[in-house]
Amino acid sequence: MGKISSSSNLYSHPDKLLEDHLINVADLMEYFLSEKPLAIQNELKEVARIIGLTHDIGKSTRYFQDYLFAEESAKQKLKSEYSSHSLFSAICTYFIVKEFCQKTCNENVFLPLFAYIAVRRHHDDLIDVMDEASLFDEKNLQILQAQLESINNHSFSTLCNTLHQKGLPVLLTKLLINTWFNEFERELKFYKKLIRKNKDLTPYLTLNLIYSLLLDADKTDVVLGNSNIPIRKTYDDKDWVKNYLIKVKPIPSIINELRTKAYHEVMKKDIDLNKRFYSINLPTGLGKTLTGLSFALKLKSELRKLKVNPRIIYSLPFLSIIEQNAQVIEKVIEENGTNPTSNIMLKHHHLAEIFYKTEEKEYETQEGELLIEGWNSEIIITTFVQLFHTLFSNKNSSLRKFHRFINSIIILDEIQSIPIKYWKLIKTILMLLAEKFNSYVILMTATEPLIFDKNEIFSITEPSKYYDNLNRIELYSEIENPVKIEQIVNQIDENPENSKLFIFNTIASAKKFYSLLKINSISKTFLSTHIVPLERQKRIEEIRNGKYKLVVSTQLVEAGVDIDFDIVYRDIAPLDSIIQSAGRCNRNAGNKKGTVKVFTLTDEHGRRYASYIYDPVLIDITEKLLSARQFFNEKQLFQLLDTYFQQITEKLNQTESSEILEAVSRLRYDKQETDELSISDFKLIEEDYPKIDVFIEYDERAVKVWKEFERIKMIKNLFERKKEFLQIRKDFYDYIISIPANTENLPPKIMDTYYISQNQLEDYYDHETGFKTKAGLLLW
């Protein structure tokens, strides 16, 4: 991987010779491929090397070299189609891969095209492949020929000889490349018919994989160099959770006995590596985090016997429970005498701190960002958004980590949060991923939706026997007579000994209820996304520690958050959401049975708040099921879920899933003037209304963060500006909230950011309930 003896004097970057960069990227692609299954290595190893050695060869033109070394003031003038290098490089890649595939009788007819697209788009996002096959004309040819003519003959000859010595199967010459340019338009036409006919989903995985490998190798060499990557280590981690549980010795109780029973049930199960999908379905509070992690580590141990070293990708729907679960996993690692450095465990979400450290080294901010966003760790804790928008995306930034899905164990915690309209889509791609990429999936929930058929997953728990032993709550259905907020206030259990949680469907209803509370002697707090994240997380921690007797919240607490109340009041919602909310009641099975009350809340116009955010079909099914009796015990709720999910499956269509699957088979990454859905139309979280982000100068720390932000915004160099911002990104987003774009109380915009200064707080922000708005209904 060292520098070569004779130099072309051509550069890929101001401080790097072009041949060094090309060789390094080829070596890195080979390194990333070396831990993939043998079948994938055999198909792609040589193709990947060709891609790596040619992906930037278009940078050899005089136009690019002049642009690269121009003064900043002149760069904009020199930046043009002539200084662009991707098309030039992609055509060279295409013909070399095509010739290689013909010689080796490789049956994957798409490989030359995919190699071309990966190189063509390695600085952009992917587009509809049908459009890609049409985007070449006479003007492109003229530019390419001018670029070719501009290349210094001696420098190019030196470069090409070096690349040939390093494994490029063709010795490139300007004459040969010119021939390719003239033939290329005809070559593209061949693929249009193939794409139209294709119904197989495998090409989607192949293109994403090739693109991902190139992106990761290219960015890694630029930021880290190929000798600065954290090397994966093998840890004796099979019994990490077992050792942890022995040391912490849970306090004897009914709930801890059941947790232990569930843990042992799961860990006694023999692992059949032919089974790819596992289900851990347990009531809330029975320790799915530790049990799921322990099973994943056991599975990893079995796979290591086959010389496979899988990463564990632990994915959750909400940021609030990512922090909670990450703390638990860190403790497990520490109790086993291991420092939970970033190469062992990392958190990846848009608010994560940019910090990457191993035992040997602490990486700079930009290096840390690259390693975190590339999932360079043994255990990656991330959000559903990050995971599923890597599976379904056209974005360069998202797809870079796509190759990490190979040989991975994917834990999907709280899977009931996956939108029903995407069940078919997600199921289909996960099953393909398991089959083609040697991946395993562990599904965890207290309310198992029917995303998979019973015969498609291996259930490693028997949830009924845990529900049979649990009698923590009684749920009272009061939905038949809709009520106003004022009536709910009047119905509150005023026993000061009882802790109470109120869960509303909208921020507006939660705020109004909180404002009407008269019980001033009781400690209380408020939670919604209009509270700055730093304060929100602080309040959740205080709730967990029992500081408040009364909490008013939106749905952000209903799944996974480890909090416990005597009474939970819940506005009508889909049944699985109601049961998740009930999981915040008497969670630890105290001596006194908990009470859950479900009501139907209406606004001043008589419209149900639930109708603003939930599918009416889901609410209708829930209402009919809950109207069957006045109250339900925990076991009856569990039994009710099967009926609920059966009825959902029958009544809700999967049109959007089918249409995006069609886009996947047609490789329609992003639409160009068409009504058909594309892969880029996948949105795990739909915006209920247009939103804007606002920085709240909430405290003295926020004042300092904003001043630093102002300084960074004045930096003219884009690269330096981004580098500096990454150092404060976590702190900056601690004070960012999203508000309706149409709010009447719109704060001022400073430096392209909506901003509320400390001396304006009274006008815009309430320290108890968050942002003040005069706009209409606010949704969670």
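How many disulfides does a search of the whole structure find? It finds zero, where a disulfide would be a pair of cysteine sulfur atoms within 2.5 Å.

This is a predicted model, in which local features need pLDDT of at least 70 and side-chain atom pairs count only at pLDDT 80 or more, while totals for chains, interfaces and linings use all residues. Residues are numbered from 1 along each chain as its sequence is written, and side-chain values use heavy atoms, leaving out hydrogens and water.

**View 1. The whole chain, for a first look.** The protein chain holds 30 helices and 22 strands; these are DSSP runs numbered from the N terminus, with helices being H or I of at least four residues and strands E of at least two. Along the principal axes, its C-alpha atoms fill a box of roughly 90 × 60 × 55 Å. The radius of gyration is 28 Å, which agrees with the value near 28 Å for a compact globule of 780 residues; it is taken over C-alpha atoms, and the globule rule is 2.2 Å times the number of residues to the power 0.38. Of the 780 residues, 59% count as buried, meaning under 20% relative accessible area with a 1.4 Å probe, protein chains only.

View 2. A disulfide is a covalent bond between the sulfur atoms of two cysteines. Take Cys-160: its closest cysteine sulfur is in Cys-92, 8.3 Å away and so too far for a bond. Cys-160 is buried, at a relative accessible area of 2%. Cys-585 is buried too, at 1%.

**View 3. An open sheet of seven strands.** Read across, the order is S12-S13-S11-S14-S15-S10-S16, and the pairing is mixed; two strands pair if DSSP finds at least two bridges between them. S12 (524-527) and S16 (631-633) stand at the edges with a single partner strand each, so one side of each has no neighbour in the sheet. On average, neighbouring strands here are turned by 15 degrees against each other, direction ignored.

View 4. S12 pairs with S13 (residues 550-553) in the parallel sense, over four bridges. Elsewhere, helix H24 (residues 575-582) lies across S10, S11, S14 and S15, running at about 160 degrees to S14.

**View 5. Strand S7, tucked inside.** Six of the six residues of S7 (residues 408-413) are buried, so the strand is largely enclosed by the rest of the structure. Ser-408, Ile-410 and Leu-412 point one way, while Ile-409, Ile-411 and Asp-413 point the other way. S4 (residues 311-316) runs parallel to S7, joined by five bridges, with Arg-311 partnered by Ser-408. S8 (residues 440-445) also pairs with S7 in the parallel sense over five bridges, and here Ile-410 has Val-441 as its bridge partner.

**View 6. Asn-140 in its helix.** Asn-140 is found in H8 (residues 138-150). Is Asn-140 buried or exposed? Asn-140 is buried, with a relative accessible area of 18%. Leaving aside residues up to four places away in sequence, Asn-140 touches Leu-87 and Leu-135, a contact being heavy atoms within 4.5 Å.

Terms used:
Axes fitted to C-alpha atoms, helices over the stretch in contact; angles between N-to-C directions. Buried < 20%, exposed > 50% of the residue type's maximum accessible area, 1.4 Å probe, protein only.
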